[in-house]
Amino acid sequence: MTRGQLLILFTVGTLVLAVAGVYLLAAKGGSSPREKEQTTMTCDMGISAARQSRQPTGDGSAQSEAPTLNLAAPPGPASEGMLWIPGGEFWMGTDEFPDAHPLHRVYVDGFWMDKTEVTTAQFQKFVNATGYVTIAERAPRAEDFPGAPPENLVAGSVVFSPPGHPVKLHDHFQWWSYIKGANWRHPEGPNSDIAKRGNYPVVHIAYDDALAYAKWAGKRLPTEAEFEFAQRGGLDRKAYSWGDEFRPAGTIMANTFQGHFPDHNTVEDGYATAAPVGSFSPNGYGLYDMTGNVWEWTSDWYRHDYYRTLAAGGSIVRNPQGPPDSVDPSEPGVKKKVHKGGSFLCTDQYCSRYIAGGRGKGEPDTGTNHVGFRLVRSDQRNPPYKAQRP
Ligand SMILES: [Ca+2]
């Protein structure tokens, strides 16, 4: 699902869901509905189905290959709101999804990381200081979206708009709408605001918006490998950032989706959309919401076969920064960056990619109300990575 598809294919909404009940070809893609259904299902079929089709890793030396964390002390005092992530060697990926397979050995240098997702209050400071206008606040240009009806070329963003009844899960247009006036100040559209959401993750952030904030803050987006190393919190190949049990001793550990997706959220965890940052327990490194709440941008391009390419090399991959280009067979021709961590819409039933090692993806110009970000900073002793721009 991309911003461009919604702008071209559907009537732009105000606050009410506007979707067609039929599956339409992606304007930027070329796959048939059947092909698209199959590839989308491969990524989003839910963890139970995925486990039935999983491919065994086959390594017999797990104990000797547990993560090797760097032991050096932090290189200095932490900046406000950041934590030292020691870096080291770990197993990256998961067997649960074809695009996150196979597990492969990765080394990352130590780095500083924001303890929480960037909040609306933090983003407000950036906007106050710079006058920055996010992509969602700018009217889309006709030349960027050929084929879009002129009346659809209005500033807005993509909002989760659940139907009131069960729908087939292969058609994500059933629950995503382009809403006029939705942006970081108005997460669900013009009638919503952030007056009482200063401590919530900022959302409707496109990739370039995150880069602009990062430049102002003197930080950068994490690579996918850095995010995953940090997400695992020092644990080895666990399903979640806290261990293998989703609810250890019945405790809810993250903001995800309960009930029947997408039509009926029972909100057992207390949050139908984003939760204030730090509402749930931190992981082993002290980082909050590394699973669930909102997806987070990384600097890596998304390729479905990237892990297979790395694993084929046979050696430990050091500080990988993603492939040079993007390929997503489920939406050919649409270049995407990797999202990590999952969101408040993740559920065992659908989009289970909140599990550690799972991968999300999104077109750089597409912010939604379940995508945000957090930033990192290199240790000055290590060379900074060059951020890849879309
Ligand atoms: Ca929730």
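# A walk through the predicted chain

Helix α4 is followed by G131, a residue whose phi is positive, near 75 degrees. Along α4, which spans residues 120-130, the buried residues are T120, Q122 and F123. They cover an arc of only 160 degrees around the axis, which puts them on the same side of α4. On the other side of the helix, N128 and A129 are exposed. An α-helix has 3.6 residues a turn, so residues three or four places apart point the same way. The cover over the buried residues of α4 includes helix α5.

The chain as a whole can now be put around this helix. It holds seven helices and 15 strands. Of its 390 residues, 47% are buried. Among contacts with a separation of 6 or more, 74% are between residues 24 or more positions apart.

In soluble globular proteins, nonpolar side chains tend to be buried together. Here the largest nonpolar core has 70 residues, and those touching the most other members are M113, V203, I205, A210, A230 and F373. Helix α5, residues 207-217, gives this core its largest share, five residues.

Apart from its neighbours within four places in sequence, V203 is in contact with W184, P187, A274 and V294, among others. Its list of contacts also includes G367, N369, H370, V371 and G372.

The last two of those residues, V371 and G372, bring in strand β14, which covers residues 371-372 and is joined to strand β10 by two bridges, the two strands running parallel. Within this pairing, E296 has G372 in β14 as its bridge partner. Strand β10 also pairs with β12, residues 337-340, this time in the antiparallel sense and over three bridges. There the bridge partner of W301 is K337.

How far is β10 buried? Seven of the seven residues in this strand, 295-301, are buried, so the strand is largely enclosed by the rest of the structure. In a regular strand the side chains alternate between the two faces of the sheet. Both faces of β10 are covered. W295, W297, S299 and W301 are buried on one side, and E296, T298 and D300 are buried on the other.

Another group of strands forms an open sheet, with three members in the order β2-β5-β15 and antiparallel pairing. Strands β2 (82-85) and β15 (376-378) stand at the edges with a single partner strand each, so one side of each is left without a neighbour in the sheet. From one strand to the next the twist averages 25 degrees. Strand β5, residues 111-114, is joined to β2 by four bridges, and the two run antiparallel. In this pair, W84 stands opposite W112 of β5.

Most residues other than glycine have a negative phi, and most peptide bonds are trans. Two residues depart from the rule on phi. R237, in the loop between α6 (224-231) and β8, has a positive phi near 55 degrees although it is not glycine. R237 is also buried, because 21 other C-beta atoms lie within 10 Å and the cut-off for burial is 20 or more. N293 lies in the loop between β9 and β10, and its phi, near 70 degrees, is likewise positive in a residue other than glycine. N293 counts as buried too, with 32 C-beta neighbours inside 10 Å.

Which residues are joined by cis peptide bonds? P102 has its place in the loop between β3 (88-92) and β4 (104-108). A cis peptide bond also joins F261 and P262, where omega is about -5 degrees. P262 lies in the loop between β8 (259-260) and β9 (264-265).

Key: Residues numbered from 1 in each chain as written. Predicted model: local features only at pLDDT ≥ 70, side-chain atom pairs only at ≥ 80, totals over all residues. Pairing = 2+ DSSP bridges. Axes fitted to C-alpha atoms, helices over the stretch in contact; angles between N-to-C directions. Core = buried A, V, L, I, M, F, W, Y, C linked by C-beta atoms within 7 Å. Buried ≥ 20, exposed ≤ 12 C-beta atoms within 10 Å, placed from the backbone. Contact = placed C-beta atoms within 7 Å. Arc of directions from axis to C-beta.
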